[in-house]
Amino acid sequence: MRSPFAYAPHRSGPLQAATPGAAVVYLGSLAAVAFVFSNPLVLVAAGVAAALAGVLAGAGRAVRAALRMGLALALLIVLVNGLVVSRGETVLARLGDWPLLGRVDITAEALAEGMVLGLRAAVVMVAFAVYSACVDPDRVLRALRPLAGRSALTATLVSRLVPVTAADAARLRDAARLRGPGASQVGRASLARRLLAGSLDRAVDVAATVELRGYGLDAPRPARAARERERSRHDTRFYAVGLAVLALTVAAALLGAGGFDAYPTIAVGTGGGTVALASLVALAGLAPYRGRRPRRAGRAPAVEASRA
């Protein structure tokens, strides 16, 4: 079973063909929007852009899996924030005194703050899922190894092993269900321990393998011709869109657009600047769109000749 977050070499598209730097600038700009703004409208727009970019790049499975995980985490954050934080003027329920938590009052402001935090986490998860499914980790290693070999190797292994760990978790769950109704039920803690043990064993094997292959040695800098071959004609598009989103984020933050305050009462900015910011951020998700392929030269005369 292949993890939806794993990079697929057979999948082609502008985002896959772009260099890692261009992809990081583009996807990182969408994540930066989620970290800078707390306005729900802007966060939803950033999530739509990241999901649309993943779907257009052919990583729909990764987007759906990340959305399921992100929305589940968002719901958990909303529940925890609603129980732990009692600030706000709009009290929805008074649940009395709880052990360790003290007096628990559910307020609309605490739920709204939890929703914002959950949306931010979901957007970042979707952006990282698209990166994991569309950016070749080997190209990342080749790009960063001359600058920081050990850090590049660590980052590449992390991006490689996260999908493998997700696949291991799915296989362990399937094996637990296939044991039959007579077997004792396997809890999540037991599955987590087995998954952690397997991950540690794999990490030791991978470390020994890369050491034997000489990845700890100093790497020579690639020649200029090799660097030019690594570039793609789609790099300009992703650099331009990513830098435009970052510039728009800075300008909107300085002008006060995309405002949001949860306490003491909920205040959501819905002005023209916020709507324009959200619209432009959502349109940034169209960057991986292929468009119409140019017609090959000489094809029309050949067709006419065959008809004649």
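## Salt bridges

Searching the whole structure turns up 2 salt bridges, where a salt bridge means a side-chain nitrogen of Lys or Arg within 4 Å of a carboxyl oxygen of Asp or Glu. This is a predicted model, so local features need pLDDT of at least 70 and side-chain atom pairs count only at pLDDT 80 or more, while totals for chains, interfaces and linings use all residues. Residues are numbered from 1 along each chain as its sequence is written, and side-chain values use heavy atoms, with hydrogens and water left out.

Who pairs with whom? D105 forms a salt bridge with R94, with the closest N and O atoms 3.4 Å apart. D105 sits in strand β2 and R94 in strand β1, so this pair ties together parts that are 11 residues apart in sequence. (Helices, H or I with at least four residues, and strands, E with at least two, are DSSP runs numbered from the N terminus.) R103 also forms a salt bridge with D105, and here the closest N and O atoms are 3.6 Å apart. That links R94, R103 and D105 in a network.

How covered up are these three? Buried means under 20% relative accessible area, exposed means over 50%, and partly exposed is in between (1.4 Å probe, protein chains only). D105 counts as buried because its relative accessibility is 10%. R94, at 55%, counts as exposed, and R103, at 48%, counts as partly exposed.

## The chain as a whole

The chain has 12 helices and 4 strands. Of its 308 residues, 36% are buried. Take the contacts (heavy atoms within 4.5 Å) between residues at least 6 apart in sequence: 74% of them join residues at least 24 apart.

Accessible areas come from the Shrake-Rupley method with a 1.4 Å probe, and for residues only the protein chains shown count as cover.

## Inside: the nonpolar core

A nonpolar core is a set of buried Ala, Val, Leu, Ile, Met, Phe, Trp, Tyr and Cys residues joined through side-chain atoms within 4.5 Å. The largest one here has 46 residues, and L15, Y26, V33, C134 and F238 touch the most other members. Helices α2 (20-36), α3, α4, α5, α10 (235-255) and α11 (272-283) each supply at least two residues of this core.

Let's zoom in on L15. Leaving aside neighbours within four places in sequence, L15 is in contact with A23, Y26, A57, V130, C134 and F238. Over in helix α10 you'll find T249, which counts as buried because its relative accessibility is 5%. With the neighbours within four places in sequence left aside again, T249 is in contact with V33, V36 and F37.

(The expected span is 1.5 Å times one less than the number of residues.) Its buried residues include V63, A74 and V78, and the buried residues of α4 pack against α3 (40-56), β2 (102-107) and α5 (108-134).

There's also a nonpolar surface patch of about 780 Å², made by L73, L76, V80, V84, L95, W98, L100 and L101. The elements giving two or more residues to this patch are α4 (60-84) and β1 (91-98), and α4 has the largest share, with 4 residues. Patches are made of residues with over 30% relative accessible area and no salt bridge, joining like charges within 9 Å and nonpolar side chains (Val, Leu, Ile, Met, Phe, Trp, Tyr) within 5 Å. V80 lies in α4 and, at 44% relative accessibility, counts as partly exposed.
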